[in-house]
Amino acid sequence: MLTMTEAAARRTALAAQGFTDPRPTTVPSRRHLLKVISRVQLIQLDSVNVAVRAHYMPLFSRLGAYPMDLIDDAAWSHSARKPRLLVEKWAHEASLIPVDDWPLLHLGKRPGWWRHYEKAVNRSPGLVQEVLAAVKELGPIGAGALERAIVGEGEKRQKGTWWERSDVKHICEYLFGLGELTTGTRRSFERLYDLTERVVPPEVLNRQVAPEDAARELVERSARALGVATEPELRDYYRLAPDANRQAVLSLVADGVLEPVEVDGWKRKAFKHVDTKTPRQVKGRALLCPFDPLIWERDRTERMFGFRYRIEIYVPEPKREFGYYVFPFLLDGELVARVDLKADRAAGLLRVPGAFAESGVDKARVLLELSAELKLMAEWLGLSGVAVGKKGDLAGPLAKLVK
């Protein structure tokens, strides 16, 4: 069995996630977007918009400033000149995945979070067809407009079933989970539902993949994205079922695609893809949003970087340790600091209520690189500057540097 130091495992993971690829020196294009997607495999969606929507940030972390419509066009628009590259699907969480990966994650009516909405289906069995018919006629359409169309039509008819508005939303989510509806486009981040057959190309939609083959392909993608990972970490990337994941790992090991690895200090056996590279060093900097795939598995982040990280959105303010929406700062392969960020669009400022260094880091260099990255992020977001608050040991000197 291969052996690997903790430092080598960390460099392997960073390279797999694209942090050894140089940032473009020209305006990033679709080619750069595809390179990032080939590394991370999927981009998580989240509704929080304190600093920037989560799906925009992983590209900034890897590419630097890029036009946001690059990902908007790839995910939510389509033309003969610019075909859709990404589609929404439940993967790690609600995520953007490559269109070609749709059959790997659409395996019929397998159980999922959407099973909680079966109550609405059972309570109003005819509503599923009503929703599908309305989306076919009116889509892409938001849940609110769909509710008004269906419920309002029932009221106007004064006949038939009068559906509950909440049931319409639940049915939409149920059909999204099943893959019968997906996101046709978004408007101010509101999901506009459309029939999947109008979003996913027929040659992709009609491709049949056996469940065991899909699991195998997804585990291989997880291994490529993670670099080196334990079996539960491979499973978590696409939230696969434990048995399916274990069988896929065994199959990939037997075929020589995955190599078992012992990492110093790790209690569990790990695996790495045979094509995974381990660079001698990792240079560069990046701010990471809470939903970046490098750090979304918190136990892995702590084991790999010695960096305990928790999102504190739901922690009462007096009990927050670092802040509401904290971004770890990656510098030369280490997580060296964390900053609480908020985009104050009315004032035109990227606000930093708190800035904290990790123990043992070179604060002078961290401050220099962090201030430069914060100014770049503010410019990318169309803000005129950075304003640093008073919380944290980096706050005072950082405030001077960003002026």
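Contact here means heavy atoms within 4.5 Å. The structure is a predicted model, in which local features need pLDDT of at least 70, side-chain atom pairs count only at pLDDT 80 or more, and totals for chains, interfaces and linings use all residues. Residues are numbered from 1 along each chain as its sequence is written, and side-chain values use heavy atoms, with hydrogens and water left out.

Helices are DSSP runs (H or I, at least four residues) numbered from the N terminus. In helix 15, L367, L368, L370, S371, L374 and K375 meet P397, L398, L401 and V402 of helix 16. By class, this contact has eight nonpolar, one polar and one charged residues (Ala, Val, Leu, Ile, Met, Phe, Trp, Tyr, Cys and Pro count as nonpolar, Asp, Glu, Lys and Arg as charged, and the others, Gly among them, as polar).

Helix 15 (residues 363-380) and helix 16 (residues 395-402) pack at about 55 degrees, with axes 9 Å apart; axes are lines fitted to C-alpha atoms over the stretch in contact, and angles run from 0 to 180 degrees between N-to-C directions. The two helices are therefore oblique to each other (angles under 35 degrees count as roughly parallel, over 145 as roughly antiparallel, 65 to 115 as roughly perpendicular and the rest as oblique).

E373 lies in helix 15 and touches R23, F60, R285, A286, L287 and F329, not counting residues up to four places away in sequence.

Buried means under 20% relative accessible area, exposed over 50%, and partly exposed in between (1.4 Å probe, protein chains only).

| Buried residue | Relative accessible area |
|---|---|
| C172 | 0% |
| C289 | 1% |
| E373 | 0% |

The structure holds zero disulfides, a disulfide being a pair of cysteine sulfur atoms within 2.5 Å.
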